[in-house]
Every structure is written in C-alpha cells, then in structure tokens.
There are 2 protein chains.
Amino acid sequence: MTVEKINLSDKFGKLPAGDYAVRLVAKMNNYDFKIVKFKGDFIWHSHPETDETFIIMEGTLVMNFRDRKVEVRAGEMIVIPKGVEHKPSSKNGYKALLIEPEGVSNTGNVQSEMTIEKVEWV
Amino acid sequence: MTVEKINLSDKFGKLPAGDYAVRLVAKMNNYDFKIVKFKGDFIWHSHPETDETFIIMEGTLVMNFRDRKVEVRAGEMIVIPKGVEHKPSSKNGYKALLIEPEGVSNTGNVQSEMTIEKVEWV
C-alpha cells in the first residue's frame, strides 16, 4: 500500500468558486476529513449522533450557540458536542478542515436547500 | 454545556521542554486530539487496530515506511493505515496535531523506553 500525504492548500485551491463548498480529502477508519469554505449564515442544526470538529485554516468562523457565540480563528479548533444546536456564520469567509464520521449530513437533523446529499472527493 | 474553542499555538506553548512531548487537547466521540512535538528518530512500529492521522503545524516530519519515505510539511497531513509499519523522524523537529482513537499506544505494537503509558491533558 502506498501512503500519500495530503497538501491542504493544494486541495483548497481545487474547490469550485462560490461561498460554500465541501469536499472529501482523506479517511481515517470510518471518519471523513473534509475541507470546507463558507461565507454567510448557515442554518441552525445539530448532529444527534456524533460530535463534529472544525479546525480553522483561514479566516474566522463565528460559531453561534443558543446562549452565546464563539469566534474561531485560523490555528484554532472547536469540537461541537453531539446534539448541541449550532449555526456557523462568517462575514468574510473561512476555510476549515472538518472531521466527523462518514455519512454525517452537513445540516444534521434539518433537511434544507443547503443539505448536501453526497460529498465528492477533491 | 459550554463549548470552548482550542487555540493550538497556546497549547504548543505549554508543552514541556525537550525533543518529545505529547499532550491531549480535545476529544471527539471516542477519538483523541493530541499535540505532539518531536525531534530525532522514533522507532519502527505499527498500530494493528487503527489508522492514525498527523496534521503538521510546524517543521517537517519524515515518515519512513519500509519501502519509501514521505516528507510531510506544515499545512500537510498524512493518514497512516492500520497495520502499516512506520518510523517518524525529524532532523530539525516538527509540531503536529495527532488524531486517533482513545487508548492507542504511541509505540503501537512495540513496547519501548519511548512508550508513554498515559497521555496528560494540556
């Protein structure tokens, strides 16, 4: 088996234009590593079955919770506990590495026009 | 539940002096996020039960495999598949975020003077 490294800047450079994109870059056991870029206001949702990790690579993610918000900047990470409602926002956009089990919906318990049915590799 | 972000630079700044240190910084489900700094030659080992992910934050990790080696630099990551023998090395040192299930030994299938029995939080 040939093990290859992954260059995250290269991968981000291959994302399509626009304010929101998510692509798979690696797998570890049954977990996905996805790169995401996002600008704007996402929707309120939770993941009833799993925690979810964001590692911020560029920009600032404002993670809104029902009782407060946390600004997560490049070089910082946050683990959203399972079942906790959250709404990612970013005025100027952020890029992040997202880690969660395979098959987790980007909009969690909510079906929305933002729901992505299948995340592609990049 | 109050969800807190984690600043990785701050965490690295709290590592003890020396060429090798590993500390826990976060948990996601039953997975550990650990920060590691390492300089020198580690030992050959494998993890028979799990993949293991290194995200390099600073410096260069030379990941030796039996048939080749891969240089992994800041902004790059590598997933070591379960059961694959590897030996991390670094002439000038590297800092990384390490992701793997709880309870995985740093020296895998090998018991060594480098084996850490219990990883502490930082």
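Four salt bridges cross the interface of chain B and chain A in this predicted model, going by the rule applied here. One salt bridge pairs the side chains of Glu4(B) and Arg68(A), with N to O at 3.7 Å. Polar contacts also cross the interface of chain B and chain A: 18 residue pairs are found, with both residues at pLDDT 80 or more. Strand 1 (5–7), helix 1 (8–13), strand 2 (20–28) and strand 3 (31–41) of chain B each give at least two residues to the side that touches chain A. Strand 4 (52–64), strand 5 (69–73), strand 6 (76–80) and strand 7 (87–101) of chain B each do likewise. By class, this side of chain B holds 20 nonpolar, 8 polar and 8 charged residues.

The contact involves 36 residues of chain B and 36 residues of chain A. The size of an interface is often given as the accessible area lost when the parts come together. For chain B and chain A, the buried area is about 3,000 Å². Carbon and sulfur atoms give 60% of that area. Three residues stand out on the chain B side. Val3(B), Lys5(B) and Met77(B) supply 23% of the area that chain B buries against chain A, more than any other three residues.

Strand pairing also links the two chains. Strand 6 of chain A, residues 76–80, pairs with strand 1 of chain B. The sense is antiparallel, and the pairing runs over 3 bridges. Within it, Glu76(A) stands opposite Asn7(B) of strand 1 of chain B.

Inside chain B, strand 2 is mostly covered, with 7 of its 9 residues buried. Strand 2 of chain B runs antiparallel to strand 3 of chain B, and 8 bridges join them. In one of these positions, Tyr20(B) has Phe38(B) of strand 3 as its bridge partner. The hairpin of strand 2 and strand 3 of chain B has 2 residues between the strands. There, Asn29(B) takes a positive phi near 50°.

In chain A, Arg23(A) belongs to strand 2, residues 20–28. Beyond residues up to four places away in sequence, Arg23(A) touches Leu15(A), Pro16(A), Phe33(A), Lys34(A) and Ile35(A), among others. Further along the chain, the residues that Arg23(A) touches include Val119(A), Glu120(A), Trp121(A) and Val122(A). Arg23(A) and Thr107(A) are 84 residues apart along the chain, and their C-alpha atoms are separated by 15 Å.

Over all chains, the count of salt bridges comes to 16. In chain A, the side chains of Lys27(A) and Asp32(A) meet in a salt bridge at 2.5 Å, N to O. Lys27(A) has a relative accessible area of 32% and is partly exposed. Asp32(A) counts as buried, at 6% relative accessibility.

Chain B has a salt bridge between Glu85(B) and Arg66(B), with the closest N and O atoms 3.0 Å apart. This pair links distant parts of the chain, 19 residues apart. Glu85(B) sits in the loop between strand 6 and strand 7 of chain B, and Arg66(B) in the loop between strand 4 and strand 5 of chain B. Glu85(B) is partly exposed at 33% relative accessibility, while Arg66(B) is exposed at 55%. Back in chain A, salt bridges that share partners join Lys27(A), Asp32(A) and Glu102(A) into one network.

Glu100(B) is placed in strand 7 of chain B. Its relative accessible area is 1%, under the 20% cut-off, so Glu100(B) counts as buried. The side chain of Glu100(B) makes a polar contact of 2.7 Å with the side chain of Lys34(B). Leaving aside neighbours within four places in sequence, Glu100(B) is in contact with Tyr31(B), Asp32(B), Lys34(B), Asp51(B) and Glu52(B).

Conventions. Residues numbered from 1 in each chain as written. Chains lettered and ligands numbered in written order. Predicted model: local features only at pLDDT ≥ 70, side-chain atom pairs only at ≥ 80, totals over all residues. Heavy atoms only, no water. Contact = heavy atoms within 4.5 Å. Buried area = accessible area lost by both parts, 1.4 Å probe. Polar contact = N/O pair within 3.5 Å; in protein donor to acceptor, adjacent residues only side chain to side chain. Helix = DSSP H or I, 4+ residues; strand = E, 2+ residues; numbered from the N terminus. Nonpolar A, V, L, I, M, F, W, Y, C, P; charged D, E, K, R; others polar. Pairing = 2+ DSSP bridges. Buried < 20%, exposed > 50% of the residue type's maximum accessible area, 1.4 Å probe, protein only.
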